[in-house]
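Reader: I'd like to go through a few of the labels used for this model. Could you set each one against its definition?

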Amino acid sequence: MAQRQSELTQSRLDKLQRIRGRGIDPYPARYHRSHTTQEAVALYQEAEDGSGGLPQVKLAGRITAMRSMGKAIFLDLKDGSGKVQVYLRRDALGEEKYSLLQDFDIGDFIGVEGQVFKTRTGEITVRASDLTMLSKSLQPLPEKWHGLADVEKRYRQRYLDLLSNDQVRRTFEVRGQAISAMRRFLEERGFIEVETPVLQPLAAGALARPFATHHHALDRELYLRIATELHLKRLIIGGFDRVYEIGRVFRNEGISTKHNPEFTTLESYQAYADYLDVMEMVEQMVSFIAREVLGTMRIGHGEMTVDLSPPWRRLTLCDAIKERSGIDFEAFPDASALEAGIRETGLSVDDGLNWGKLVDFLLSHTVEPHLIQPTFLLDYPVELSPLAKRKPGSERLVERFEAFAGGMEIANAFSEINDPLEQRERFKEQDRMRALFGDEEAERIDEDFLLALEHGMPPTGGLGVGVDRLVMLLTNQQSIREVILFPQLRAKE
């Protein structure tokens, strides 16, 4: 196989030299096309409906197929809008230009100029009167244009995946459109888009292990952000009422079908709102995005249909876990009692988890896979939510919800703590859990944020949305790697 690949590459190199030998630059700096391929098709259809003559166009794109028909050659020309057939005849191009075709290959970029017409078989086609080489491809494309079967190669060489599979390309078009719709929704509600630092002196704002790096000029350790939360809340303190950021965050954790070490989040913060207000916004935003991008709020999930129409189902986390496992976690006073209760159900759980992590284990293993229709789970353990306000009348629970659909979490929100003294105690408790349980993901004390909080923050509702997972839901994908253009992979051997 490697020898065959080498022979094909050498053949293309030989053709490249022959093209250069004719005094032709196979990689010119510019080519000004008049239309895309699909604009050319539409132009012909308009002319066909009226009384105009055949339109003249100048197109550019990649050759995806070539068919020799004696004194003529048909090829398919593909650009970002689609593809069109091109008809090339010796008498129309002239001997010199026509002979150049022998050194053209599938994968080459070319420019063609000519009239658009319809063949006897009814296919809209460009009759070429001129031909220009724009970029000689030195590597053959995937065999017979059927795409890549090797999943690892699809991710490592995403450009080939995009070339070979229109559905993959469509997935990433949906991703871009979904993010644009998300921005429109938020801006129509008065939110301002902002940017916060990626390199931070302290990795805080979420329960996660960070990536560390060294800044040589400052001679200090810095961390890639694990969340944008604490800087965005500084902006609420500074007088902005509604802010949001869409950007990359980085967590030094495992890779799975739902996790990538770098991923995209939306975080938004709204003054004078609580988690119930944010809940209403989430169901409205997600349904708006689906309607804008897909034209429907009913989307496929495997063989099922997910209906994103508001209102979404709401139930407490405690009730959801009790419904699926029979365990009422509020009835267990400490971690050892809850761990024993879990083992009695036959579930295997790691030793040494704190009470909150055990509740999270129950959620992940007994509840989450069943949440196919959009669902809000409310009121989480304080140990899992060090930045969220306590639920009135409860010492163990906070005002937090997570939104689920398609069997995965897509959003997370709090009524944010704005009491600086309570926030400090929560940070200290996280430090104690790190020491007691060896929890590397525990929250860290951010003195600069606490100082900001001491200047006063209004009641605030905060939200985090996993953009990659939302796109998974919208495009019916089962792996996060299918919606990230360049996912993290193990080193090639």
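Predicted model: local features only at pLDDT ≥ 70, side-chain atom pairs only at ≥ 80, totals over all residues.

Reader: Why is helix 10 called oblique to helix 12?

Author: Helix 10 (residues 317-325) packs against helix 12 (residues 355-367) at an angle of about 55°, and their axes lie 10 Å apart. Roughly parallel needs under 35 degrees and roughly perpendicular takes 65 to 115, so helix 10 comes out oblique to helix 12.

Reader: Which residues meet there, and what kinds are they?

Author: From helix 10 you get Leu317, Ala320, Ile321, Arg324 and Ser325, and they meet Val359, Leu362, Leu363, Thr366 and Val367 of helix 12. The contact splits into seven nonpolar, two polar and one charged.

Reader: What makes helix 15 largely enclosed by the rest of the structure?

Author: Buried means under 20% relative accessible area. Nine of the nine residues of helix 15 (residues 467-475) are buried, so that helix counts as largely enclosed. Among them are Asp468, Arg469 and Leu470. Just past helix 15, Asn476 has a positive phi of about 60°.

Reader: How do you know that strand 8 and strand 9 pair?

Author: Pairing takes at least two bridges, and strand 8 (residues 212-215) is joined to strand 9 by four, running antiparallel. His215, for instance, has Arg220 in strand 9 as its bridge partner. Their hairpin has four residues between the strands, and Asp219 takes a positive phi near 50° there.

Reader: And what about strand 7 and strand 9?

Author: Strand 7 (residues 199-200) pairs with strand 9 (residues 220-224) over two bridges, in the antiparallel sense, and the cut-off is at least two. Leu199 has Leu224 as its bridge partner in strand 9.

Technical notes:
Residues numbered from 1 in each chain as written. Heavy atoms only, no water. Axes fitted to C-alpha atoms, helices over the stretch in contact; angles between N-to-C directions. Parallel < 35°, antiparallel > 145°, perpendicular 65-115°, else oblique. Contact = heavy atoms within 4.5 Å. Nonpolar A, V, L, I, M, F, W, Y, C, P; charged D, E, K, R; others polar. Buried < 20%, exposed > 50% of the residue type's maximum accessible area, 1.4 Å probe, protein only.
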